[in-house]
Structures are given as C-alpha cells and as structure tokens.
Amino acid sequence: MTCPLCISRNENIIYKDSFLRVILVDEIPGYIRIITQRHIKELSDLNDEEAIKITLIIKKIEKVMIEVLNPDKINIASLGNIVPHLHFHLIPRYKNDPWWPEATFCEKKREFNYPTSNLEELKQRIKDIF
Ligand SMILES: [Zn+2]
C-alpha cells in the first residue's frame, strides 16, 4: 500500500524541506497542517533537536495565526492513527464557528462565514518564519 502522506498530492504547500512540510488545508480557512516527511509515529520518535525544532515551528505558526486570523482560540491536535507521519493540526477557532465549543472533528452545529481575505498574508507570514 502506498502511503498517502509520503506523496504530497493536491496540497497547498506553504513551506517544505527534508524534515517537514507546512500546508494550508482547504477544509477550514486558516487551518494549517505540519507534516513530518519521514515515517515517525510519535513525538518521542524524534531526536531532541528535531523535537525542539518542530515545537518552535508550531509555536511560531500559532503566533502568526493569532495575529493574522484573530481567532478566539487555536486548537492543536496530533492524531495520526492511520498514517505513520507525525503531524499536527493547527486550527483557528471562533466562538460562532460550526463546531464551537466542540472539536472540529465533531458534527457541525451551525454555518459560519470564515474570514478568507487574510489567507495570502497568513501564507506569507508563515513562509517568513523559515
Ligand atoms: Zn509515508
């Protein structure tokens, strides 16, 4: 079976190197996913240097998301039960978004017009981190 995360197909890539790639996920405007490039299941599978690096990247991207998107909260999730690519979901949350206050993996409760005019700025500000 080919691994769906080894090949980046139809992804809106913001940044990519040999360690990780950062993508803008279409499902929710402003939703960012950070995906390790090699097969790693858990955060503790990274060496210390890599763990510090990815943690700082998450922190910096979260900060940019807060500044550009002005959300009420950022949700960070690491699930990856199916594919062995450690990855992190960074999801901007708003108090009237379709799932609030539940996780975005739950059933939608309402419709919500996400701000979308700032997505190019978000991408540029994330590129500037690297
Ligand atoms: Zn893979």
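**Note on the predicted model**

1. Pro 101 sits in the loop between E5 and H2. Helices (H or I, at least four residues) and strands (E, at least two) are DSSP runs, numbered from the N terminus.

2. This is a predicted model, where local features need pLDDT of at least 70, side-chain atom pairs count only at pLDDT 80 or more, and totals for chains, interfaces and linings use all residues. Residues are numbered from 1 along each chain as its sequence is written, and side-chain values use heavy atoms, with hydrogens and water left out.

3. The zinc ion has these protein donors: Cys 3 (SG), Cys 6 (SG), His 39 (NE2) and His 85 (NE2), at 2.0 to 2.3 Å. Donors here are N, O and S atoms within 2.8 Å of the metal (3.2 Å for Na, K and Ca).

4. The donor spacing in sequence is C-x2-C-x32-H-x45-H. Cys 3 lies in the segment before strand E1 (12-16), and His 85 in the loop between strand E4 (73-77) and strand E5 (87-93), so the pair ties together parts 82 residues apart in sequence.

5. Helix H1 (residues 48-69) and helix H2 (residues 119-129) have axes that come within 10 Å and cross at roughly 150 degrees. The axes are lines fitted to C-alpha atoms over the stretch in contact, and angles run from 0 to 180 degrees between N-to-C directions. H1 and H2 are therefore roughly antiparallel, a label for angles over 145 degrees.

6. Asn 10 lies in the segment before E1. Phi of Asn 10 is near 55 degrees, a positive value in a residue other than glycine.

Conventions:
Angles under 35 degrees count as roughly parallel, over 145 as roughly antiparallel, 65 to 115 as roughly perpendicular and the rest as oblique.
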